[in-house]
Amino acid sequence: RIRNAGIGVFVKADIAADVRLGEYQGEILSEHQAAVLPTPKQAYLFEIRIRGGSNFYIDARDLRYSNWSRFVNSIKKPHQKKKENVRFYQYNQRIWLKSIKHISNNDELICDYG
């Protein structure tokens, strides 16, 4: 468990490496809408990059539009990097979460948001 972090997500069964776990969901915002958000409200933003087009953002702040993936905690310090077991990635115009190594039952999903 990561100290001083949020709720977290804990698995209920072993998960193999390289398994797609789910989609990061939320409200869709334009670049302008995301840019004018006060810093504290930017915590749940993911940027979707569009080659040759306008980027947009997924904002999972509001529980009405988001799902469980918003609760995945991030490492806080470089020495915690070894705890990272999932990674978010963009495929087409969506953000997905996948395991990057074997995850044991009751382990917390931990990523590196950067």
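1. A charge counts as sitting over a ring if NZ of Lys or CZ of Arg is within 6 Å of the ring centre and within 35 degrees of the ring normal. Under that criterion, the charged end of lysine 98 sits over the ring of tyrosine 89, 5.5 Å from its centre. Arginine 20 likewise lies over the face of tyrosine 91, at 5.9 Å from the ring centre.

2. A word on the basis for these notes. The model is predicted, with local features needing pLDDT of at least 70, side-chain atom pairs counting only at pLDDT 80 or more, and totals for chains, interfaces and linings using all residues. Residues are numbered from 1 along each chain as its sequence is written, and side-chain values use heavy atoms, with hydrogens and water left out.

3. On to the sheet. Strands here are DSSP runs (E, at least two residues), numbered from the N terminus, and two of them pair if DSSP finds at least two bridges between them. Three strands make an open sheet in the order E2-E4-E3, with antiparallel pairing. Strand E2 (27–30) and strand E3 (45–48) are the edge strands, each pairing on one side only. From one strand to the next, the twist averages 30 degrees (axes are lines fitted to C-alpha atoms, and angles run from 0 to 180 degrees between N-to-C directions).

4. What joins E3 to strand E4 (residues 56–59)? Four bridges do, and the two strands run antiparallel. Isoleucine 48 has phenylalanine 56 in E4 as its bridge partner.

5. Now the aromatics. Rings of Phe, Tyr and Trp (its six-membered ring) pair if their centres lie within 6.5 Å; planes under 30 degrees apart count as stacked, over 60 as edge-to-face and the rest as tilted. The count comes to five aromatic pairs. One of them is edge-to-face because the rings of tyrosine 24 and phenylalanine 46 have centres 4.7 Å apart and planes at 80 degrees. Tyrosine 24 lies in strand E1 (residues 20–24) and phenylalanine 46 in strand E3, so this pair ties together parts 22 residues apart in sequence. Both tyrosine 24 and phenylalanine 46 are buried (under 20% relative accessible area; exposed is over 50%, partly exposed in between, with a 1.4 Å probe and protein chains only).

6. Phenylalanine 88 and tyrosine 113 are stacked, at 5.6 Å centre to centre with 20 degrees between the planes. Phenylalanine 88 is in strand E6 (residues 86–91) and tyrosine 113 in the segment after strand E8 (110–111), 25 residues apart. Phenylalanine 88 is buried at 14% relative accessible area, whereas tyrosine 113 is partly exposed at 39%. Tyr24, Phe46, Phe88 and Tyr113 form one aromatic cluster.
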